[in-house]
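Here are my notes on this model, as numbered points. Please read them beside the structure.

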Amino acid sequence: MTFVRGRVVVAELRSVAEIDWLEDRARTARQSHMPPKQAAAFEEFLARQGPVGDGVAWIAGSWRRQQPFIKLEFIKGPTAEDVALAYGADAQDIADGLLLHQVEEQDAREGTDDLTRVLAFGEENGWTWLGYHDFDHAFSRRPLDPPPEQQITLGATMAKAIYAFSYFEDGVYQNPFPVEDGAEDRRDMYELIWYTPGEAPFAPEAPLSFLNLHLRIAEKAGNWTDNIALFFEGLERAFGLALPRDAITTGNVRCARPARR
C-alpha cells in the first residue's frame, strides 16, 4: 500500500517479511547497480550502523580461550534444525528441545563431560548460528546440499594460537588472503592474528575487500581494544551477525549430542 500526496509517494506500507528482506539485501548485497561514488557512500552508511541485538564482539574474549565454544559458525538460508541435523546432531535431542544448561547440570550431577560434546544452535537476525567444541570430530563442518547462501566459520585453537576465519558464498570460498601474502600463496583460511588495526587486512581486488571499511568504522567507534573483538565487530557491521548473550551465558540455548550410530 502506498500513500500519495500531490502525486508524490510519501509513504509505503510493507510486510515485516519484505522489510526484513530489504534490510538483508542492503546489508549483504554489493551495490553494483549504483555509480561507484554512490555505492561507496551507501556502503559507508551501512558500515556505520550499529549491531542488531547483542552482536558477536561480546563473545570474542572467551572464544579466544575456547569458551564456551571452539567453533562458531553462521549460516544463511537453512533453518537451525536442518543445519544441526546435517551436522550430525541427534534428532531426538532436537525434538525434545534439549538445553545447554541441562547438559551442564547432568555433568555436575553424574561426573560426565558431555558439555564439550554437544552442538549448540539457534537463529538470530536471519542467520543460523552453531557453537561447538568437536574434540572428537563428531560435528566437523559438512557440505550442505544445496550450499547455503553465506557461511562464516570462526575457529579457535588456543594451544597453537590459531584463530581462523573463513567465508563462503553459495558454496564458493571467497579467498580471504591477506595483503602481505602474494597471490601465489593463498590460504584456506584467514588468521585473525594477521589483523592489525589501522591497516587494511584484505587487498582491494580480494572478494572480501569490502570488510576493510567495516573494520575501519569499528576501529573508529572505539568500543573494543582487543583486535579479535574489533574484527568481530567488523563482522557484525558487515553481515548483521548476533549471538544471544544472556541465553548463551545462562545455558538457555538449544543443543544436541551427536547422533547415535
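**Pocket and aromatic pairs**

1. By class, the lining of the largest pocket holds 10 nonpolar, six polar and four charged residues. Ala, Val, Leu, Ile, Met, Phe, Trp, Tyr, Cys and Pro count as nonpolar, Asp, Glu, Lys and Arg as charged, and the others, Gly among them, as polar. A pocket is an open set of points on a 1 Å grid over the protein atoms alone, where a 1.4 Å probe fits, with protein on both sides within 12 Å along at least five of seven lines; lining residues have an atom within 4 Å of a point.

2. This is a predicted model: local features need pLDDT of at least 70, side-chain atom pairs count only at pLDDT 80 or more, and totals for chains, interfaces and linings use all residues. Residues are numbered from 1 along each chain as its sequence is written, and side-chain values use heavy atoms, without hydrogens or water.

3. Lining residues number 20; Lys71, Thr153, Gly155, Thr157 and Ala164 lie nearest the pocket's centre.

4. There are 14 aromatic pairs. Rings of Phe, Tyr and Trp (its six-membered ring) pair if their centres lie within 6.5 Å; planes under 30 degrees apart count as stacked, over 60 as edge-to-face and the rest as tilted. Trp127 and Phe239 have ring centres 6.2 Å apart and planes at 85°, so they are edge-to-face. Both Trp127 and Phe239 are buried, meaning under 20% relative accessible area (1.4 Å probe, protein chains only).

5. Tyr132 and Phe139 are edge-to-face too, because their planes stand at 70° with centres 6.2 Å apart. Tyr132 and Phe139 are buried.

6. One aromatic cluster is formed by Phe165, Tyr190, Trp194, Tyr195, Phe202 and Phe231.

Terms used
Buried < 20%, exposed > 50% of the residue type's maximum accessible area, 1.4 Å probe, protein only.
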